[in-house]
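Please open the structure in a viewer and follow the selections below in order. Each stop names what to select and then describes what is there.

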Amino acid sequence: MSSWHTPEATARLKKRYAAERRFKAMGVVAIVLSLSFLAFLLITMVSKGIGGLDMQFLQGSDSTNPDDAGIWGAFKGSLLTMAVTLALSFPLGVLSAIYLEEFAPRKRWVEWVEVSINNLAAVPSIIFGLLGLAIFIQFAGLPRSSPLVGGITLALMTMPVIVISGRNAIKSVPPSIRDAALAVGASPVQTVFHHVLPLALPGILTGTIIGMARALGETAPLLIIGMRVFASAPPQSVTDASSVLPMQIFLWSDEIDQGFVQNTSAAIIVLLLFLLAMNGLAIYLRNKFETRW
Amino acid sequence: MSPLIILIALFALAAASWFAARAKARLFYKGRGSMAALPSYHGWHMALWVLVPALAVWAIWSAIAPGLVQSAILSDPAAAILPKMDLERDAIIAEAMTAAANDGFGTFRAESAALVPAVQAITVRFSWIGAILTALVAFAGGAFGYSRIKAAFPARTRVETAVMALLMAASFVAILTTIGIIGSLIFETGIFFTYVSPADFLFGTNWNPDPFAAVTPELGEKLGAVPLFWGTLFIGAIIAMIVAIPFGLMSAIYLTQYASANFRKFAKPALEILAGVPTVVYGYFAALTVAPMVRDFAAFVGVDNPTTESALAAGIVMGVMIIPFVSSMADDSIAAVPQSMRDGSLAMGATQSETIKKVLIPAALPGIVAGIMLAISRAIGETMIVYMAAGAAANLSANPFDSMTTVTYQIARLLTGDGDFDHPATLSAFALGLVLFGVTLVLNVIALNVVKRYREAYE
C-alpha cells in the first residue's frame, strides 16, 4: 500500500469532498433563497392586487374612496414626465457619447466630463431631487410638482446611463467602417453621423430603454420636488401638478383604509408589467439588431 | 405669445429656409466638383443662421423681460396709488401679475385689483416686443445665410464646426450638473450653518427638528445628526451587507464556477429582475409583509414591545435589493482572474472549492471589495425602503428591532413637510444631502479606482 491510501489520507479526502459538497450546496441555497424572495414578492403583489384590476381602476384618477380610485391620472403623469426625460436625456446623452468617444481631445476638461459622468451614474437619486428643488424650483421658478420639473430632474439622472451605454455601443463599431468612409472622402463628422451612429443605434436604444425604465420606477427625487400631490384628474400639460405611478403607489401605501391595499398592489402590478414590457423591448432590440463583427 | 408657439414658428421657419437654401444652391450645381459643398449643407447652414441667433435673443429676452415689466409697471400712471414701501409694493405687484395671468381672478387687495388691467396691457406689450425682436433676428440671420450661398462657399465646414460646438455643449451638461449639485448643496448648507454651528450638527446626538420652532441660537441642540448617521450605517452598511455579501458572493461563485450553461441562462436574468424592481415596491413589500414578520419574530425571541417599523426589516429588504449588484461585481472580478491561476491550483490537487476559497477569491479580492464599497454607497443613498419601513424615530441604539431613521429619510421628510423653506430645520436637509453626497462620492471614487487598477494588473 502506498502512502496515498493510508486510513488518515482517505479520511482527509472524505472530509475535503464533504467540504466541496457543502460549498456547492451553499451556492445553490444562496440563489434559490434570492429567487424565492422575488417569487414571494411577486406572488404577494399579484394575489393582493389582481382583484383590483378592472376598467374603472385603469381609467380613473386618485380618489379618497378606494373603490373610485384609479391609476390613469398617475399613469398619464408618468407618461408626460417620461416624455420630458426622453426628449432631454436622449439627444444630450447620444451627443456627448459621440463627442467623448470619437472627437474629444485628451484635455483636462474632457477628463472632468468623464469623471462627472461616472460619478453622476452612482450619485444617490435623492440628491438629484435636492438639485431639482434648489435650482429648477427655487432658483428658476419652474412650476412645483409638475411633470416638467420631474422630467428635467430625471433626465439629468438618466443622461449618464445613456452616455455610458452609448459609448460602449459606439466603441463596438469596428474601426474598418470608419476607415472605409474616410477613405472614400467622407469628413469625420459625416463618417460618424452617416456610418458609425446608425450601426451603434440599437445598442444606444437598448441602453436608453434601460435608463428610462430606471427613471420610471424612481420615486425619491420626485418626492423632493413635490410630486406628492393628490390629483383627482389627469394632468393636461407638463406644467400641471401631477403624480406619477410609483408616487401613487407610495401615496396609497400610506392610506389607513384597508381598501387601498388592493389598489396599491394593483398599481404595483401595472408598474411591474410596464417595466417588464420595456425591458422585453430592450432585449428584443438587442437580439434583433446586435451585430457580431 | 406663448413660448411654445414661438418655438414652433422658429423651427418651421428654419425648415422652410432649409428647402429654400437647398433649392438656390442647386442652381449653382454644374456637375461633379463644381461646388465646395453639397446643396443640402447650404440648407443646414441657412437653417442654423435662422435658428441659433433668434433662439439666443429670445433666451436673453426671456431672462431680462420680468425686470423690464416690473419697472414698466412702476412707471405706469396706474401705479401711482401704490405705497412707497418696497416690500408691500412688490407683494401687490406680484399678486396683480398672478391675477393678470389668471384673467383677473385671485386678488385679495384693492390696490392689486386696480392694477390688473395695466399689468395685463404691459405684459402683452412686452411679450409682443419679445416676439417681434426674435422674428427680426430670425429673418436677419436667414437673409445673411441666404446671401452666403455661392458655388465656392464652404458650407459643409461651417456646419460641421457648429455640430462640433453642439457636441461639446452636450458633454458640458454633465459637468454643469455636477457643479449644480455641489453648488446648490454648499450654498444652502452655508445658509444653514449661519443658524446652527457645524459642530452641533455633526456631533450632536439629539435629532428632533421642528420646522415651526422660533429661530433661536438653541435650535442647534435639536439638530444633532449623529443618530441619523448611525441609523444609515447600521441599516445600509451593516444589516443590508450581512444579507447581500454572502448571498451575492455565493450566487456569483455558483453561477460562474458550478452552474451548467442552461441553469445560468435562466438564473442570471432572474437575479437581475431583483435589481430592476422599483424601490417603492420593495418599500411597500417591506412594510406590508417583512416588517410584521420581523415584529412577530422579535416578540417570539422575547423583545419587549416590538415595533412594526424596525431597522432589521428595512435592512433585510435593502440587502436583497443589493444582491444582484454584489453578484455581478463579484462575477466580473472572478472572471478577470487569469485561467492559469485556476489551472495551477487544480493541477496541484486542490478541489474546486479549495481553489475558489484559496486562489480565486484572494486574487479577486480588490475587485470584490470595490464592488462592496459601491454596494454600500448605493445602500446608504436608498430612500424609499427606509422611508416606508424604518421609521422616523432617531434612536441611537444597536438593537436591530428598534425603529431607526436614516439621512435619506430625514431629507425626504423635511422637504415634503409644510415647513418654511428658509427655516433652519428645512435647510438641514441640504446639509444632510451634502454629507450623503460627500460620503458616496468618496466611496465611488475609491472603488472605481481600485477596479481600474485591478483590471490593469491582470491584463
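Begin with helix α1(A), which has 43 residues and reaches 62 Å from its first C-alpha to its last, close to the 63 Å expected at 1.5 Å a residue. That expected span is 1.5 Å times one less than the number of residues. Helices here are DSSP runs of H or I with at least four residues, strands are E runs of at least two, and both are numbered from the N terminus.

This is a predicted model, in which local features need pLDDT of at least 70 and side-chain atom pairs count only at pLDDT 80 or more, while totals for chains, interfaces and linings use all residues. Residues are numbered from 1 along each chain as its sequence is written, and chains are lettered from A and ligands numbered from 1 in the order in which they are written.

Next, select the buried residues of α1(A), among them Phe23(A), Ile31(A), Phe37(A) and Met45(A). A residue is buried if 20 or more other C-beta atoms, placed from the backbone, lie within 10 Å of its own. What do the buried residues of α1(A) pack against? Their partners include α11 (259-289) of chain A and α12 (352-380) of chain B.

Now display both chains. The contact takes 63 residues from chain A and 65 residues from chain B; two residues are in contact if their C-beta atoms, placed from the backbone, lie within 7 Å. On the chain A side, helix α1 gives the largest share, 17 residues.

Buried residues make up 47% of the 293 residues in chain A.

How values were computed. A residue is buried if 20 or more other C-beta atoms lie within 10 Å of its own, exposed if 12 or fewer, and partly exposed in between; C-beta atoms are placed from the backbone.
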